[in-house]
Amino acid sequence: MKEAEEANAAELEHAKAAAGAHKRSSKKSSAKSKVKKGKGGEKGDLSKEERTLVSSPPPASASQYDSVDGSPEKAAGTAQPQWTLLDRQEDLLSSDLPAVLATSGQGKCEPVSNSPLARLFFTESMDWDGTVCYCAVELYRCVAIALTYGEPSLSWAECQKMVQAQLAAGVSTGKGTVPKATPVTAAPDPRPASTVEAHGDDAAGDANDGSEESGDDLTLSEQLVAEYEQAQLAEAEQDLDTSALPREVTEKLQQRLHTFTNDVWVVLLCHGGYFAGGVFVGGTCVIHKAFQRYVVRKKQGGKQSSNAKDVGSYNSVGSQIRAAQEVKWRVDVRDIVLEWIPYFHAASFILYAAPGPQNRAVLTDFSLLPATAALGGSKGVSPIQLKDRRVSRVPITTHRPNFEEVQRVYSVCSRCSLLYVKDKPKD
């Protein structure tokens, strides 16, 4: 009996010892496998990092590219100038420029980096505060391009005759507001744009009535997307202006530089159901018009035509009103553009602010509009052609279209700056 109990106890101890040994071996094996996996993962990460270092090129230094996007093409425009600025006079009329620039030797014409401006250099030596220096004129690129390549097809006297002929024949629809103090037959006296007064009907007040502009009704995300698209478009157009900008100051550009402020300017602002336009000669507005139509739904943003993607999906009374008002808005803009054809032919500069292809088509494409009886049943052809060097997008940020904004655009774009510079001493 005792022998049997001892044998059972021995077998039990042997079984416990065997179970403990198996448990310890399994723990060691799992620990080893974890160590192997860790080593393998660390080695894999190291090899992946090594592959990344080998395959990726070394980063470019800050001195290699100075532009924001790191492109060598744009870095060329941000090169350090080889001259020192002595003095700068801003907000000048073209008649305020020194007369010696008309006979000075022509220098180079270069774009100002990160801005829509251009800088014209002249080689005539001048004296500034006892220092021998040179002059440079800073103005907007679109102005320099129009002065170099653009040429109006009518003189101001011929334009006045055409306007009088339209009035006598009854072709004019009366869309424009002619200032009563300045008859259209008389050329206005040159004066600063800041002294221009609004005459006639209060067109700007009419533009402030009704619904809000689409930009005020957009959500934050929609506003950010719209601002990004406008920034991309402005950058693309700025690059286009840079490529079209002459590299040298031509004789034509030099001769027209002293009179461009007093030339004929046409400024048009058109978007979101708003329109504002004006014609300026010698710093005076000779005709202007501003109005607004209900084409944007309150607190939603975007014109009705932009939202109605599916035919028949919008059947509310409000949508029908907005659709009809949009057509009326486009027709009214067309009537004004066609009535101002003499001014477009006589203009040296035609600036427009119509963001997006749809707003641009309101000014340039009349093929989808109904025919008008004033043109003998035809739809009319827009005198605004984007390929024309005189036609350019407004180079500054614009706000809600009204007459005051049109005046501000003209006042800013028709001015220039005068720089007195000298060459940097060589090291």
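Trainee: Is W265 buried or exposed?
Mentor: W265 has a relative accessible area of 0%. This is a predicted model, so local features need pLDDT of at least 70 and side-chain atom pairs pLDDT 80 or more, while totals for chains, interfaces and linings use all residues. Residues are numbered from 1 along each chain as its sequence is written, and side-chain values use heavy atoms, leaving out hydrogens and water. With buried meaning under 20% relative accessible area, exposed over 50% and partly exposed in between (1.4 Å probe, protein chains only), W265 comes out as buried.

Trainee: How many aromatic pairs does the structure hold?
Mentor: Rings of Phe, Tyr and Trp (its six-membered ring) pair if their centres lie within 6.5 Å; planes under 30 degrees apart are stacked, over 60 edge-to-face, and the rest tilted. By that rule, the number of aromatic pairs is six.

Trainee: What kind of pair do W265 and Y410 make?
Mentor: Their ring centres are 5.7 Å apart. The planes meet at 80°, so the pair is edge-to-face.

Trainee: How many residues apart in sequence are the parts that W265 and Y410 tie together?
Mentor: Helices (H or I, at least four residues) and strands (E, at least two) are DSSP runs, numbered from the N terminus. W265 belongs to strand β5 (residues 264-271) and Y410 to helix α13 (residues 403-413). Y410 is buried too, at 0% relative accessible area. The pair therefore ties together parts of the chain whose separation in residues is 145.

Trainee: And F275 with F291: what is the angle between the planes?
Mentor: F275 is in strand β6 (residues 274-281) and F291 in strand β7 (residues 284-292), 16 residues apart. Both ends are buried: F275 at 0% and F291 at 6%. The pair is tilted, with centres 5.5 Å apart and planes at 35°.

Trainee: What is the strand content over the UniProt "transmembrane region"?
Mentor: The annotation comes from an unreviewed entry and covers residues 264-287. UniProt positions follow the numbering used here, feature names are shortened, and annotations may be inferred rather than shown by experiment. In the model, the end C-alpha atoms of that stretch are 12 Å apart. Helix is 0% there, and strand is 83%.
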